[in-house]
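I opened this notebook to record what I looked up in one chain. The entries run from the overall fold to a single residue.

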Amino acid sequence: MQIFIKYHTDLPPIEKIPAGDWIDLRAAEDVDMKQGEYRPISLGVSMKLPKGYEAHVAPRSSTFKKWGILMVNSVGVVDESYCGEDDIWYFVALATRDTRIEKGDRICQFRIMEKMPAVELVTVSHMTDESRGGIGSTGTK
């Protein structure tokens with residue numbers, strides 16, 4: 001399976017390490033953020049994903065510890081149609097403290113997943129299965 005990548009900066013090429021399913025992405029610019037500031041951080045790449053696939057972009061496990069930034073929508077979803085010349089990938093960040101991210105820092109990761117198959121949504125008047133107890137109920141019984 002091939003993913004076609006256009007680099008918009010001079011970052012090192014993206015590599016998939018054999019040991020994991022997620023692929024690291026780097027900041028494509030130096031970024032200074034103040035506590036409470038929101039901004040998209042360019043990842044410097046555009047990609048053409050295989051037909052029927054989408055990418056899920058998430059912070060690396062060390063991202064918050066190192067820079068105090070959160071991905072504001074928790075996960076980014078890039079579908080196969082976002083593949084034009086100017087469809088650059090971003091990490092949309094919220095800073096919880098003053099921080100500096102340098103060009104080339106590995107701030108997030110992605111993996112590709114098959115898109116959800118076609119589904120039919122059916123409205124019913126009641127659910128027939130036994131209730132589990134509502135949100136947060138697992139492990140309380």
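The entries below begin with the basis of the values.

I worked from a predicted model, in which local features need pLDDT of at least 70, side-chain atom pairs count only at pLDDT 80 or more, and totals for chains, interfaces and linings use all residues. Residues are numbered from 1 along each chain as its sequence is written, and side-chain values use heavy atoms, with hydrogens and water left out.

**Overall fold.** I found one helix and eleven strands in the chain; these are DSSP runs, H or I of at least four residues for helices and E of at least two for strands, numbered from the N terminus. Their order along the sequence is β-β-β-β-β-β-α-β-β-β-β-β. The radius of gyration is 19 Å, well over the 14 Å that the globule rule gives for 141 residues, so the chain is more spread out than a compact globule. That radius is taken over C-alpha atoms, and the rule is 2.2 Å times the number of residues to the power 0.38.

**Burial.** I noted that 32% of the 141 residues count as buried, meaning under 20% relative accessible area, with exposed over 50% and partly exposed in between (1.4 Å probe, protein chains only).

**Asp 79.** I located Asp 79 in strand β8, residues 76-79. Asp 79 is partly exposed, at 33% relative accessibility. Beyond its neighbours within four places in sequence, Asp 79 is in contact (heavy atoms within 4.5 Å) with Leu 49, Tyr 53 and Glu 54. I also recorded that the C-alpha atoms of Asp 79 and His 126 are separated by 34 Å.
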